[in-house]
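Welcome! Let us take a friendly walk through this structure, one part at a time. Have a look at it first, and then read on.

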Amino acid sequence: MPWVRYGVQEKRRRNLLAKNKYSAKADWCFDCEPPRYHRSRAERERAHQLVLMQKAGIIAELQHEPMWSLSQIPKITYKADFQYVTQTQEGQVVIVEDVKGILTREQRVKLAWLKEKHGVDVTLIRTGRRHER
């Protein structure tokens, strides 16, 4: 019946099963604590690598999906895939990463806006066979 409202769990399940715009295959990473759902296999693979690097002590303070506010009205946010701290010769450095198969114009604008407003440089991990022209 179309007028029946679904519960929160049903909505979440339906959202997770929704087809991705760029045909990315979603998957779970069970190495993460707690196990996490990633929107693409490339993102899952990078999460797996980062979790192993954290266990080995190469990186610290791994965060999944950190978010920055770009504008309050209208509410515009940018959510990267990962943020972590690594040790360099100069000291500790915060690294922000985003796994991208296709970099759209909207994402480029948000990245530039994020750098201007918060001074955050995002490292893009490029994957996939398709490249923007």
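## Ground rules

Helices (H or I, at least four residues) and strands (E, at least two residues) are DSSP runs, numbered from the N terminus. Two strands pair if DSSP finds at least two bridges between them. This is a predicted model, in which local features need pLDDT of at least 70 and side-chain atom pairs count only at pLDDT 80 or more, while totals for chains, interfaces and linings use all residues. Residues are numbered from 1 along each chain as its sequence is written, and side-chain values use heavy atoms, with hydrogens and water left out.

## The chain at a glance

The chain has 3 helices and 8 strands. Starting from the N terminus, they follow the order α-β-β-α-β-β-β-β-β-α-β. Of the 133 residues, 29% are buried, where buried means under 20% relative accessible area, exposed over 50% and partly exposed in between (1.4 Å probe, protein chains only).

A contact here means heavy atoms within 4.5 Å. Among contacts between residues at least 6 apart in sequence, 40% link residues at least 24 apart.

In what order do the 4 strands of the open sheet lie? The order is 3-6-7-8, with mixed pairing. Strand 3 (59-64) and strand 8 are the edge strands, each pairing on one side only. From one strand to the next, the twist averages 30 degrees; axes are lines fitted to C-alpha atoms, for helices over the stretch in contact, and angles run from 0 to 180 degrees between N-to-C directions.

Now cross the sheet strand by strand. Strand 6 (residues 82-88) then pairs with strand 7 (residues 91-100) in the antiparallel sense over 7 bridges, with Phe82 opposite Glu97 in strand 7. A hairpin through 2 residues joins strand 6 to strand 7.

## Over the helices

Strand 7 and strand 8 (residues 122-126) run parallel, joined by 5 bridges, and Asp98 stands opposite Leu124 in strand 8.

Helix 2 (residues 41-56) lies across strand 3, strand 6 and strand 7, and runs at about 150 degrees to strand 3.

## A separate hairpin and its loop

Strand 4 and strand 5 (residues 76-79) pair in the antiparallel sense over 4 bridges, and they form a hairpin with 4 residues between them. Ser69 stands opposite Thr77 in strand 5. In the loop between strand 4 and strand 5 you will find Pro74, which is joined to Ile73 by a cis peptide bond with omega at about -5 degrees.

A polar atom of the Ser71 side chain lies 3.0 Å from the backbone oxygen of Pro74. Leaving aside neighbours within four places in sequence, Ser71 is in contact with Ile76, Trp113 and Lys117.

## Two nonpolar cores

A nonpolar core is a set of buried Ala, Val, Leu, Ile, Met, Phe, Trp, Tyr and Cys residues joined through side-chain atoms within 4.5 Å. The largest one has 10 residues, including Trp68, Tyr78, Ala80, Leu111 and Val122. Strand 4 (67-71) and helix 3 are the elements that give two or more residues to this core. A second, separate core has 8 residues, among them Leu50, Ile59, Phe82 and Val99.

Residues up to four places away in sequence aside, Ala80 touches Glu65, Pro66, Trp68, Val96, Glu97 and Asp98.

Glu61 is found in strand 3 and has a positive phi of about 55 degrees although it is not a glycine. Glu61 is exposed, because its relative accessible area is 54%.

Glu65 is found in the loop between strand 3 and strand 4, and its phi is near 55 degrees, a positive value in a residue other than glycine. At 33% relative accessibility, Glu65 counts as partly exposed.

Technical notes
A polar contact is a pair of N or O atoms within 3.5 Å; within protein, one must be able to donate a hydrogen and the other to accept it, and residues adjacent in sequence count only if both atoms are side-chain atoms.
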